[in-house]
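Please give me a short briefing on this structure. I would like the main points by topic, in plain words.

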Amino acid sequence: MDHTRTPLFNALLKHAERNPIQFHIPGHKKGVGMDPEFRSFIGDNALSIDLINIAPLDDLHQPMGVIEEAQKLAADAYGADHTFFSVQGTSGAIMTMIMTVCSEGDKIIVPRNVHKSVLAAIIFVGAKPVFIQPARDKNLGIDHGIPTRSVRRALEKHPDAKAVLVINPTYYGVCTNLKEIVDLVHSYNMPVLVDEAHGVLIHFHDKLPMSAMEAGADMAATSVHKLGGSMTQSSVLNVKGNRVNPKRIQTIISMLTTTSTSYILLASLDTARRHLALNGYEMAERTIALAQYARKQINEIENLYCFGEEILGEEATFTYDPTKICVHVRKLGVTGFEVENWLREHYNIEVEMSDMYNILCLITPGDTPENIETLLEALRKLSHMNDDVVEVKEVVIKVPAIPQLTLTPRDAFYGETEILPFKDSADRIIAEFIYVYPPGIPILLPGEVITQELIDYIVEHVEVGLPVKGPEDRSVQNVKVIVETQAIF
């Protein structure tokens with residue numbers, strides 16, 4: 001296919017050049033009706049293509065023209081049979097995947113460290129999650145992928161599940177043996193869904209992990225905006241094979257998508273695909289080189305560590321994406337949260353995220369050698385910030401066992417509830433979420449039984465000042481639980 005073409009973007013340019021009189025939304029009418037300061041900052045070029053689904057520009061909900069052409073080009077670029085554009089971010093694409101294959105009461109096998117959009121879709125559709133605990137790296141204090149042996153056990157116990165969801169790569173860039181898992185799951189004639197939010201570049205370079213489409217996965221939600229150059233909130237859903245009906249996918253993604261779709265976001269997906277298809281290898285090559293240079297330099301800085309190939313060799317650490325720079329700061333005697341704030345205050349550097357022991361920096365095609373040198377300069381300075389520390393106080397990160405799921409998350413989330421003091425809630429069924437950072441995975445989900453062990457674990461985190469998120473009561477003094485009913489005997 002001719003990847004120099006951008007059918008949607010070109011149609012928008014031609015439409016703007018015609019400069020028609022608009023009697024349709026958006027009401028700012030090419031910026032004339034909006035706040036002048038904002039218009040000046042955004043620019044009239046952008047506002048001229050802030051349009052809606054009028055006939056010349058096709059309709060994302062039923063694409064038959066330039067959007068359909070753009071999606072076919074994207075499918076070719078990403079190695080898919082079908083590609084659907086998402087202006088609801090990768091969250092919308094992930095929810096579409098789950099709601100396409102699951103109905104009320106269906107089981108779906110998922111890692112415990114899934115994104116919140118997975119849990120939202122499970123609640124909306126009324127599915128029953130079967131959780132797999134990801135492999136835990138006790139040294140780094142992070143989660144990796146799910147081992148093939150764990151997937152095999154889950155399939156043996158739940159051969160009636162409707163799908164298996166895999167994260168590839170993880171937020172930190174580590175990959176399980178995706179091809180092995182896909183082949184295993186397909187032997188049960190079951191589709192594989194992949195959260196590929198942090199993996200758009202892996203389609204375009206052989207030094208990067210295998211992509212979901214290359215591994216033969218059935219669907220993959222991919223954040224083009226995170227690493228591939230499109231605008232924030234724009235993503236794609238890639239589909240391969242015949243285990244999932246693309247017409248069903250179109251119906252579901254349309255249900256989840258605004259009817260006022262952003263053509264600026266859609267055009268950025270069209271042009272990002274062109275850039276990646278034509279120049280993706282060179283973009284990835286340069287990005288990998290910058291990241292590996294940064295990794296090497298960081299590992300020469302006292303008290304800092306950035307993992308690389310040395311962590312590979314297990315099922316859950318089959319390969320990794322070197323463009324994810326995870327800097328381990330435990331030996332400094334400070335937390336990753338403190339390092340994030342220090343970098344912001346002293347060097348005007350914003351990192352992707354931080355946890356108890358690490359900061360995560362994403363190296364992308366948008367980075368320059370100058371950016372990398374500034375980061376390295378900051379980290380060298382940082383390494384001496386606590387030279388007087390005699391003893392490094394460590395918070396041991398332990399992950400409690402996955403609690404018993406007594407009600408489906410949907411039934412619990414929408415059930416009759418009451419509020420109790422959290423410390424008195426043992427043996428009750430929770431009706432909301434509780435996440436603890438680190439490790440950032442859900443400790444309790446709607447429908448699970450609260451145990452005394454979990455209460456002690458969460459309270460301990462609250463008392464030492466670590467982030468606990470999810471419940472309506474942000475102080476976690478109280479919790480919403482299912483109202484108990486009287487026994488019939």
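The briefing below goes topic by topic.

This is a predicted model, in which local features need pLDDT of at least 70, side-chain atom pairs count only at pLDDT 80 or more, and totals for chains, interfaces and linings use all residues. Residues are numbered from 1 along each chain as its sequence is written, and side-chain values use heavy atoms, with hydrogens and water left out. Helices (H or I, at least four residues) and strands (E, at least two) are DSSP runs, numbered from the N terminus.

**Nonpolar core**

- The largest nonpolar core holds 45 residues. Such a core is a set of buried Ala, Val, Leu, Ile, Met, Phe, Trp, Tyr and Cys residues joined through side-chain atoms within 4.5 Å.
- Helix 1 (7-18), helix 4 (66-78), helix 10 (224-227), helix 12 and strand 15 (358-362) each give this core at least two residues.
- Helix 12 supplies the largest share of this core, ten residues.
- The residues with the most contacts inside the core are Leu8, Leu12, Tyr78, Phe85, Leu266 and Phe307.
- In soluble globular proteins, nonpolar side chains tend to be buried together.

**Helix 12**

- Helix 12 covers residues 263-298, which makes 36 residues.
- Its end C-alpha atoms are only 41 Å apart, short of the 52 Å that a straight helix would reach at 1.5 Å a residue. The expected span is 1.5 Å times one less than the number of residues.
- A kink of about 80 degrees is centred on asparagine 279. The bend at a residue is the angle between axes fitted to the seven residues ending there and the seven starting there.
- Arginine 273 and aspartate 270 both lie in helix 12, three residues apart, about one turn of the helix.
- An α-helix has 3.6 residues a turn, so residues three or four places apart point the same way.

**Salt bridges**

- The model has 18 salt bridges. Each one is a side-chain nitrogen of Lys or Arg within 4 Å of a carboxyl oxygen of Asp or Glu.
- Arginine 273 pairs with aspartate 270, with the closest N and O atoms 3.0 Å apart.
- Arginine 273 is buried, at 0% relative accessible area. Aspartate 270 is buried too, also at 0%. Buried means under 20%, exposed over 50%, and partly exposed in between (1.4 Å probe, protein chains only).
- Glutamate 472 meets lysine 480 at 2.7 Å, N to O. Glutamate 472 is exposed at 60%, whereas lysine 480 is buried at 19%.
- Shared partners join Glu340, Arg344 and Glu350 into one salt-bridge network.

**Surface patch**

- Phe38, Phe41 and Ile42 form a nonpolar surface patch, with about 350 Å² of accessible area together. Areas come from the Shrake-Rupley method with a 1.4 Å probe, and for residues only the protein chains shown count as cover.
- Patch residues have over 30% relative accessible area and no salt bridge; like charges are joined within 9 Å, and nonpolar side chains (Val, Leu, Ile, Met, Phe, Trp, Tyr) within 5 Å.
- Isoleucine 42 lies in helix 2 (residues 36-42). Isoleucine 42 is partly exposed, at 35%.

**Backbone details**

- The peptide bond from isoleucine 25 to proline 26 is cis, with omega near 5 degrees.
- Proline 26 sits in the loop between helix 1 and helix 2. Lysine 29 lies in the loop between helix 1 and helix 2.
- Lysine 29 has a positive phi, near 50 degrees, and is not a glycine.
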